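I opened this notebook to record what I looked up in one structure. The entries follow in the order of the look-ups.

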Amino acid sequence: MSRFAAVPVSIRAVAVVAGLVLVVVPGHVAPLPAVITVGGLAGAVVAPRTVGSLPVTFGFVLAWLTASGWTVSLPVERTATAAAALYVLQVSVALAAAVPLDARVDRAVLVAWTRRLGWPALAAAALIAVDEVLPQQSGSPWIEFGGLVGVLALAAAATYAVRRRGPAAS
């Protein structure tokens, strides 16, 4: 019998997929940001309580700025995909921090986690669909940066709220 349970490993696998999306979504894979992102992802999966998702996020932001600079606006598809992947990464790493590898996870926890992951994906898909039907697609690097800061602020607020709430009563 394996010492690892399937659900905690699956939670970490979802975090890995989201992190790998963050490596490729900027469009240009620069070596230093990619190494920071992948290294941070390895740390986040192996030790989510101590490392968390900050190194992955830092590497992604560096990759995003390297790919776009301040003069080029990346397509809405990439921006929305990046926002959804950041959210999925943050929620998955937070859950992984609370679920040891040998834990049995209640079905209600998995249902709530899956719902949390679904909403940003649906929002990103809707945003991309709206952008595709618009006659002219244009953007601003400053608006994208503001959106990125907004996503990070939401993730920080969610993390703060979860930590402030404390452990659940058994």
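Entry 1, conventions. I worked from a predicted model, in which local features need pLDDT of at least 70, side-chain atom pairs count only at pLDDT 80 or more, and totals for chains, interfaces and linings use all residues. Residues are numbered from 1 along each chain as its sequence is written, and side-chain values use heavy atoms, with hydrogens and water left out.

I took helices as DSSP runs (H or I, at least four residues), numbered from the N terminus. I found that the axes (lines fitted to C-alpha atoms over the stretch in contact, with angles from 0 to 180 degrees between N-to-C directions) of α2 (residues 31–46) and α3 (residues 54–68) come within 7 Å and cross at roughly 160°. The two helices are therefore roughly antiparallel (angles over 145 degrees). I then listed contacts (heavy atoms within 4.5 Å): P33, I36, T37, G40, L41 and A44 in α2 meet P55, V56, F58, G59, F60, L62, A63 and T66 in α3.

Of its 26 residues, I11, L22, V56, F60, W64, L89 and W113 touch the most other members. Helix α4 (76–98) gives the most to this core, with nine residues.

Not counting residues up to four places away in sequence, F60 touches L22, V25, P26, T37, A82, L86 and L148. T57 lies in α3 and, at 6% relative accessibility, counts as buried (under 20% relative accessible area, 1.4 Å probe, protein chains only). With the sequence exclusion of up to four places, T57 touches L86, L89, Q90 and L152.

Note on methods
Angles under 35 degrees count as roughly parallel, over 145 as roughly antiparallel, 65 to 115 as roughly perpendicular and the rest as oblique. A nonpolar core is a set of buried Ala, Val, Leu, Ile, Met, Phe, Trp, Tyr and Cys residues joined through side-chain atoms within 4.5 Å. Buried means under 20% relative accessible area, exposed over 50%, partly exposed in between (1.4 Å probe, protein chains only).
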